[in-house]
Amino acid sequence: MPASDRASVYEAYAGRAAELRGVPKVRRVYEQAIESGGLPRRDALALCLRLAALEEALGEAARARAVFVHASGYGDPDADEEFWAKWSGFEVRHGDERTFTDMLRIRRTQKHAKTPGVQVNGELKDEKKKRCADQLGATQSKRQRV
């Protein structure tokens, strides 16, 4: 199935699951869709927003927040203003200063992750800096042997 059609199939599946099996099954459908990895980034982000809205409507703020945190990996701070605005609104309604600050920190991290030369998760993005780090490591190991 083409990746562009998968989101609509998951949406239909979630709608049918809601009619027949209720909220727990709908959660599993959305989670399966998001975790499958076969969706385009924007479709995965849209499904995350739908799941977060469902969790918020059910009064499950902690679960909705966890969905937003996960979805931030799909959200481009420059291109996906709707996602960041919805998360910000959610934190204003259900969060506190700490959770709002966490959201801003995650957004900054995502923005810097796209910048060449920024270290994310211990990985150097700029090839020149990586070579320098390799040379530094070799130099330090020579000193330790002496």
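Reader: In which helix is the place of His112?

Author: This is a predicted model. In it, the place of His112 is within residues 97-113. Those residues form helix α6.

Reader: Is His112 buried, partly exposed or exposed?

Author: The relative accessibility of His112 is 42%. Buried would need a value under 20%, and exposed a value over 50%. His112 therefore counts as partly exposed.

Reader: What distance separates the C-alpha atoms of His112 and Pro77?

Author: Along the chain, His112 and Pro77 are 35 residues apart.

Reader: How are α5 and α6 directed relative to each other, roughly parallel or roughly antiparallel?

Author: The two helices pack at an angle of about 160°, and their axes are 9 Å apart. An angle over 145 degrees counts as roughly antiparallel. So α5 and α6 are roughly antiparallel.

Reader: Which residues of α6 make the contact with α5?

Author: The crossing of α5 and α6 is right-handed. On the α5 side, the contact is made by Glu81, Trp84, Trp87, Ser88, Glu91 and Val92. By class, the contact of α5 with α6 has six nonpolar, three polar and three charged residues. On the α6 side, the residues are Thr99, Phe100, Met103, Ile106, Arg107 and Gln110.

Reader: How are α3 and α5 directed, roughly parallel or roughly antiparallel?

Author: Helix α3 covers residues 41-57 and helix α5 covers residues 81-94. They pack at an angle of about 15°, with axes 11 Å apart. Angles under 35 degrees count as roughly parallel. The direction of α3 and α5 is therefore roughly parallel.

Reader: How many charged residues does the contact of α3 with α5 have?

Author: α3 passes α5 in a left-handed crossing. Leu45, Leu49 and Glu56 of α3 meet Phe83, Lys86, Phe90, Arg93 and His94 of α5. By class, four residues of this contact are nonpolar and one is polar, and the number of charged residues is three.

Reader: Is Asp80 buried or exposed?

Author: Asp80 lies in the loop between α4 (61-71) and α5. Its relative accessibility is 5%, and buried means under 20%. Asp80 therefore counts as buried.

Reader: With which side chain does the side chain of Asp80 make a polar contact at 2.3 Å?

Author: Asp80 touches Arg41, Arg42, Leu45, Tyr74 and Gly75, not counting residues up to four places away in sequence. The side chain of Asp80 makes a polar contact with that of Arg41 at 2.5 Å. The polar contact at 2.3 Å is with the side chain of Arg42.

Definitions and conventions
Residues are numbered from 1 along each chain as its sequence is written. This is a predicted model: local features need pLDDT of at least 70, side-chain atom pairs count only at pLDDT 80 or more; totals for chains, interfaces and linings use all residues. Side-chain values use heavy atoms; hydrogens and water are left out. Axes are lines fitted to C-alpha atoms, for helices over the stretch in contact, and angles run from 0 to 180 degrees between N-to-C directions. Helices (H or I, at least four residues) and strands (E, at least two) are DSSP runs, numbered from the N terminus. Angles under 35 degrees count as roughly parallel, over 145 as roughly antiparallel, 65 to 115 as roughly perpendicular and the rest as oblique. A crossing is left-handed if the near helix is turned anticlockwise from the far one by less than a right angle, and right-handed if clockwise. Contact means heavy atoms within 4.5 Å. Ala, Val, Leu, Ile, Met, Phe, Trp, Tyr, Cys and Pro count as nonpolar, Asp, Glu, Lys and Arg as charged, and the others, Gly among them, as polar. Buried means under 20% relative accessible area, exposed over 50%, partly exposed in between (1.4 Å probe, protein chains only). A polar contact is a pair of N or O atoms within 3.5 Å; within protein, one must be able to donate a hydrogen and the other to accept it, and residues adjacent in sequence count only if both atoms are side-chain atoms.
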